[in-house]
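Hi there,

Have it open while you read, and look up each residue as you go.

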Amino acid sequence: MKTLLLSVILIASTMIMASDNKFEATGIMGYNQSDKNPKIKNSYLIGAEFKIESDTFFEPEASVLYTDSDYEHLGNYSEVDILRLAVNGVHDFDSIDRFTPMVKFGAGFEYIGGYLIKNKDSWFVDVGAGVKIRLDDELIFKIEAVYMVKKNNQRWDKNLAILAGISIPFGSKIQKESVKKFLGDPPKKEQCFDGGYLSPNR
C-alpha cells in the first residue's frame, strides 16, 4: 500500500509540473479520530493535497491520506494500513490580512490493508473547513479539519482528521512572477534628440 501511495503522489506531481496552470501543492500531517464501530485506534496520518487554482467558485483538489494504525484488542495481528484518495471542491473566501478562510466538500475511496471486524474498501464523502495563513509570497501555512463518512457494510463509519501543512503555489504564472521579482523590471530605453532610441548599454 505504501508503494501505491508513492505512485499516486509521483503521478500527481508529474502532471502538475507539466501543466501551464497555477497550482497549490500541500504536504500535510495530522491526527485522525476514528469511529469506534470498526474498532480502529486513533492515529497519526500523512498525505498531500494538490489544488488547481481557477476562476470557478469551487476549485478542484485531489488529496491522498495514509494512516498506519491498529485494531483494538487483536494482539500481534492488529496492524492495518488505510489509504484514502479523494477529489474535493475548495472555496477560498476573501482574505483578512494574511488569513484566508476556506471550506471544502467531496468524495473519495478508502483502501483497507486488513479486512477485519467487517471493515472493507468503500466510498466515502467528506466535508471540511480551515484557514490558510500566508507566510510570504511563496509559502502558506494551512490548518484544516475534515469530517469523513464511509458506507461500510450495513453501517456508517465516521472519521475526523485534523490536518496541518505547508502549501507552495507554483505553475507558469508563479514562475514568471518569481523571475521578474528576481531580475527586476527591464531597463528603459533613452530617447535621442532626433527621435530615435539608444540602447541601455550604449
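**What I found**

I162 has a relative accessible area of 41%, so it counts as partly exposed. Before you go further, keep in mind that this is a predicted model. I162 belongs to strand β8, which covers residues 155-170. It is also one of the residues in a nonpolar surface patch of about 640 Å², together with F57, F58, F105, V127, Y147 and L160.

**The aromatic rings**

F57, F58 and F105 are linked into a cluster by ring pairs. In total, the structure has 5 aromatic pairs. One of them is F57 with F58, an edge-to-face pair with 5.0 Å from centre to centre and 80° between the planes. How open are these two to the outside? F57 is exposed because its relative accessibility is 55%, over the 50% cut-off. F58 comes to 33%, so it is partly exposed.

Now find F109 and W123. Their ring centres are 5.0 Å apart and their planes meet at 80°, so this pair is edge-to-face as well. F109 sits in strand β5 and W123 in strand β6, so the pair ties together parts that are 14 residues apart in sequence. Which of the two partners is buried, and which is exposed? F109 is buried, because its relative accessible area is 18% and the cut-off is under 20%. W123 is exposed, with a value of 59%.

If you wonder why I keep quoting two numbers for each pair: a pair of aromatic rings is described by how far apart the centres are and by the angle of the planes.

**The salt bridges**

The count of salt bridges comes to 12.

- E24 and K132: their side chains meet in a salt bridge, at 3.2 Å from N to O. E24 is in strand β1 (residues 23-34) and K132 in strand β6 (residues 122-136), so the bridge ties together parts that are 108 residues apart in sequence. Both E24 and K132 are buried.
- K51 and D92: the closest N and O atoms of this salt bridge are 2.8 Å apart. K51 lies in strand β2 (residues 43-52) and D92 in strand β4 (residues 79-92), and the pair links distant parts of the chain, 41 residues apart. K51 has a relative accessibility of 2%, so it counts as buried. D92 is partly exposed, since its relative accessible area is 23%.
- K150 and E110: here the closest N and O atoms are 2.6 Å apart. The pair joins distant parts of the chain, with K150 in strand β7 (residues 139-152) and E110 in strand β5 (residues 99-112), 40 residues apart. K150 is buried at 2% relative accessibility, and E110 is buried at 4%.

Some salt bridges share partners, and in this way E24, K51, E59, D92 and K132 are joined into one network.

**Other contacts**

A few more contacts deserve a look. What does the charged end of K151 sit over? It sits over the ring of W156, 5.8 Å from the centre of that ring. S122 counts as buried, because its relative accessibility is 10%.

Last, go to E61 in strand β3 (residues 59-70). Is E61 buried or exposed? Its relative accessible area is 3%, so it is buried. The side chains of E61 and K104 are joined by a polar contact of 2.8 Å.

That's everything in my notes.

Cheers

Terms used: Residues are numbered from 1 along each chain as its sequence is written. This is a predicted model: local features need pLDDT of at least 70, side-chain atom pairs count only at pLDDT 80 or more; totals for chains, interfaces and linings use all residues. Side-chain values use heavy atoms; hydrogens and water are left out. Patches are made of residues with over 30% relative accessible area and no salt bridge: like charges are joined within 9 Å, nonpolar side chains (Val, Leu, Ile, Met, Phe, Trp, Tyr) within 5 Å. Accessible areas come from the Shrake-Rupley method with a 1.4 Å probe; for residues, only the protein chains shown count as cover. A salt bridge is a side-chain nitrogen of Lys or Arg within 4 Å of a carboxyl oxygen of Asp or Glu. Helices (H or I, at least four residues) and strands (E, at least two) are DSSP runs, numbered from the N terminus. Buried means under 20% relative accessible area, exposed over 50%, partly exposed in between (1.4 Å probe, protein chains only). Rings of Phe, Tyr and Trp (its six-membered ring) pair if their centres lie within 6.5 Å; planes under 30 degrees apart count as stacked, over 60 as edge-to-face and the rest as tilted. A charge sits over a ring if NZ of Lys or CZ of Arg is within 6 Å of the ring centre and within 35 degrees of the ring normal. A polar contact is a pair of N or O atoms within 3.5 Å; within protein, one must be able to donate a hydrogen and the other to accept it, and residues adjacent in sequence count only if both atoms are side-chain atoms.
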